[in-house]
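User: I have a structure open and want to go through a few of its side chains. Can we start with the aromatic ones?

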Amino acid sequence: MNSKFPRLFLILLGLLFILNVIQSALTPLIFDEAYYWHYAQNLSWGYFDHPPLVALMVKLSGFLFDGELGVRFVSCLLSTGMFAIIWMSIDHPKKKDYVPHFFVLLFSMALLNAYGFFTLPDTPLLFFTALFLYTYKRFLEHNNWLWGLFLGFTMAGLMYSKYHAALVIFFVLFSNIKLVTNKYAWLGVFVALLCYAPHFIWLFENDFVTIKYHLFDRPNDPYNFTKYTLGFFVNLIAVFGLTFPWVYQSLFKTKSTDRFTKALLFLTYGIILFFFVSSFNRRIQTQWIIVITVPLAILTFRQIIANANIRKWIYITGIINGILILYLRVGLIYEPISPIFYETHGNKEWISGIQEKIGDMPVVFENSYRNAPMYAFYSGVPTFSLNNFMYRRNQYSIDNSESTLQHQKVLYVSKRATGADMELPKGDGKMYYGQYIDNFESYRKLKTLVEEPISLDTEKEQTFRVYNPYEENINLNKIKFNIAYLNPTKDVVDRFALKAIPADSQTKQLASKDTVVFKFKFPKPKMDNATYFRIGISENDLLYGINGTNTKFE
């Protein structure tokens, strides 16, 4: 141990771990963490938005601690492990002389700080990126079945973290084409696919809901240079803060002298190029490029050792970055010193205020997979996000949350004042309204199915089907239909009530686990560029749901 980790390294790593544990315990949850906490209440091999590893992390943390630390403790462990693995991946005889520089470099990266205690899919993604690179390095040095096996496990860990991990695997393996003839590399691929098989099965059993959403149903704005491409370059700077000139100088100065360095360069340039091209189609979020911090940490630290000028400026700007980051970290906990109103602020007080009015009554949130789990975490009462045509589908669309609130008196919380029984102002200035529903009944899992191809012909009678996945029959007098027309970027522009009647006039209900055919005619859209349409269902006069997929006109 001492030969790999100097005493100073272990001391600084231990202090960082303690800092992250304290931060985890004192910082209120952010919305995404609450959402993943909701995942963890029912462990599965997959979830609507992500693979399952983030939920397992929350579950394991909850076995050990309560409260926020019971969501984040495993993240603290993985972050600490990532620092150690990156250190182990650097082979240089003088690296022990620059332990403080190593910690300054990594601590100066804001998102590495955040993922040191927040529980998000990027936390295990970073850990397994570091572990995969270390394992690949050892695989190159010891080409045998054991390291091939480890390579497979780390690839599976990557893919169970986040789907973007496929890029990490691709660019590293692509840097070494000769691996196509390496039997131990193929062993790694086989092991990875075998380990990942349960998630593939989950995707199949859930109609590839995650893939369909991300590839086909997700809205996207028209191209905007400032927002998309320029924003991408801003993110490349923001990832490293004030150290960015010397980090990228280190990248440009590095030559491909061996296969491991070549892999680091392929991974870094590959991710940058991939998302640069993607920026002409969509807005690139900062966390999407976060994996470049791992190979760049290795490449930059090499330059820190070899280049006195880079070493000096990384140390100076890194310390400034670190001080600013520490200030912001305190601001996450203590709102009065925070320069911005962050999402860790005010939620506990808002939830407590609502509970004082309604007690332990269940709460249904309109269009908020953020507020629903946050309320459930801090109040301990059942919640549900009722998603309608103005929002998007999410985990609440496919799990059993809906069933837990059926036929109960609930408080329905939305941003609409119509029919409100109370006002619920939030600390961020947003106003919410609560309305009592004495007998809540929703059927958001009803599916409207359209046979493609189909044309926008307002005179022709056409058909769609409704599938009832519930264990009960549903009377047709409880439901009504609408149609939404979407533009080429899949934004809803026009909405109309849809007159649809059963093809069989004797049909009076949707039979359980059965399908009913309905006849309809397209209402004439007001928009000129109707490209997609979607048929939704309203039950018991609730706002229309997202019951169908976006179907493209011929």
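User: Is Phe170 buried, exposed or partly exposed?
Analyst: Phe170 counts as partly exposed, because its relative accessibility is 47%. Buried means under 20% relative accessible area, exposed means over 50%, and partly exposed is in between, using a 1.4 Å probe and protein chains only. This is a predicted model, where local features need pLDDT of at least 70, side-chain atom pairs count only at pLDDT 80 or more, and totals for chains, interfaces and linings use all residues. Residues are numbered from 1 along each chain as its sequence is written, and side-chain values use heavy atoms, with hydrogens and water left out.

User: And what about Phe174?
Analyst: Phe174 also counts as partly exposed, at 42% relative accessibility. Phe170 and Phe174 both lie in helix H9, residues 165–174, where they are four residues apart, about one turn of the helix. Helices (H or I, at least four residues) and strands (E, at least two) are DSSP runs, numbered from the N terminus.

User: How many aromatic pairs are there in the whole structure?
Analyst: A search finds 58 aromatic pairs. Rings of Phe, Tyr and Trp (its six-membered ring) pair if their centres lie within 6.5 Å; planes under 30 degrees apart count as stacked, over 60 as edge-to-face and the rest as tilted. Phe170 and Phe174 form a stacked pair, 5.3 Å centre to centre with 10° between the planes.

User: Which kind of pair do Phe464 and Phe520 form?
Analyst: Phe464 and Phe520 form an edge-to-face pair, with 5.4 Å between centres and 65° between the planes. Phe464 is in strand E7 (residues 462–468) and Phe520 in strand E13 (residues 514–520), so the pair ties together parts that are 56 residues apart in sequence.

User: Are those two buried or exposed?
Analyst: Phe464 counts as buried at 1% relative accessibility, and Phe520 counts as buried at 2%. Ring pairs also link Phe464 and Phe520 into a cluster whose members include Phe481, Tyr485 and Phe553.

User: New topic. Where is Leu236?
Analyst: Leu236 is in helix H12, residues 226–238. Leu236 is buried, with a relative accessible area of 8%.

User: What is Leu236 in contact with?
Analyst: Leaving aside neighbours within four places in sequence, Leu236 is in contact (heavy atoms within 4.5 Å) with Tyr248, Ile272, Ile289 and Ile292. Tyr248 is twelve residues from Leu236 along the chain, and their C-alpha atoms are separated by 9.7 Å.

User: Last one: how many residues of H4 are buried?
Analyst: In H4, 19 of the 20 residues are buried, so the helix is mostly covered.
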